[in-house]
Amino acid sequence: MMIFDRFPSLGAAEEFAQSATEQTAETAIICQGQEEFDKHDVFPWELRFPVVLVPRLDTIEAEADIQALVDEFGGEFAGT
């Protein structure tokens, strides 16, 4: 999973998740807390919730497009 965090609001995270889902045809998942996040992925560093998880894509270019898209919603790419 690609992990995105530091959104200014839940609404911004929801808008990013919708855009990422539309662009990739993969369902993005929104997690509002650590317990919910832990059901989907493991990440060794602290995250700021809400977090959006997007499944890994077939090409580096496609992943780079989603990583750039997050800027429009005020979030950050945290890692994979």
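Me: Where is Arg6 placed in this predicted model?
Reply: The model is predicted. Arg6 has a phi near 65°, a positive value in a residue other than glycine. Most residues other than glycine have a negative phi. The place of Arg6 is the loop between E1 and H1.

Me: Is Arg6 buried, partly exposed or exposed?
Reply: Buried requires under 20% relative accessible area and exposed requires over 50%. The relative accessible area of Arg6 is 33%, so Arg6 is partly exposed.

Me: With which residue does Arg6 form a salt bridge?
Reply: Side chains of opposite charge can pair when their charged atoms come close. For Arg6 the closest N and O atoms of the pair are 3.8 Å apart, and the partner is Glu76. This pair links distant parts of the chain, since Glu76 lies in strand E4 (residues 76-79). At 42% relative accessibility Glu76 counts as partly exposed. The residue asked for is Glu76.

Me: How many salt bridges does a search of the whole structure find, and which residue pairs with Glu63?
Reply: The search finds two salt bridges. In the one formed by Glu63, the closest N and O atoms are 2.7 Å apart.

Me: Where is Ala25, and is it buried or exposed?
Reply: Ala25 lies in the loop between H1 and E2. Its phi is near 65°, a positive value in a residue other than glycine. With a relative accessible area of 69%, Ala25 is exposed.

Me: Which peptide bond is cis?
Reply: Most peptide bonds are trans. Pro50, in the loop between helix H2 (34-38) and E3, takes part in a bond with omega near 10°. The cis bond runs from Phe49 to Pro50.

Me: Which strands stand at the edges of the sheet?
Reply: The open sheet of four strands has the order E2-E3-E1-E4, with antiparallel pairing. An edge strand here has a single partner, so one side of it is left without a neighbour in the sheet. The edge strands are E2 (29-31) and E4.

Me: Which element gives the most to the largest nonpolar core?
Reply: This core has 16 residues, and among those with the most contacts inside it are Phe4, Phe16 and Ile66. E1, H1, E3 and H3 each supply at least two of its residues. The most, five residues, come from H1.

Me: What does Ile66 contact, leaving aside its neighbours within four places in sequence?
Reply: Ile66 is one of the residues with the most contacts inside the largest nonpolar core. Its contacts, with those neighbours left aside, are Met2, Phe4, Phe16, Ala20, Gln23, Thr24 and Leu57.

Definitions and conventions:
Residues are numbered from 1 along each chain as its sequence is written. This is a predicted model: local features need pLDDT of at least 70, side-chain atom pairs count only at pLDDT 80 or more; totals for chains, interfaces and linings use all residues. Side-chain values use heavy atoms; hydrogens and water are left out. A salt bridge is a side-chain nitrogen of Lys or Arg within 4 Å of a carboxyl oxygen of Asp or Glu. Buried means under 20% relative accessible area, exposed over 50%, partly exposed in between (1.4 Å probe, protein chains only). Two strands pair if DSSP finds at least two bridges between them. A nonpolar core is a set of buried Ala, Val, Leu, Ile, Met, Phe, Trp, Tyr and Cys residues joined through side-chain atoms within 4.5 Å. Contact means heavy atoms within 4.5 Å.
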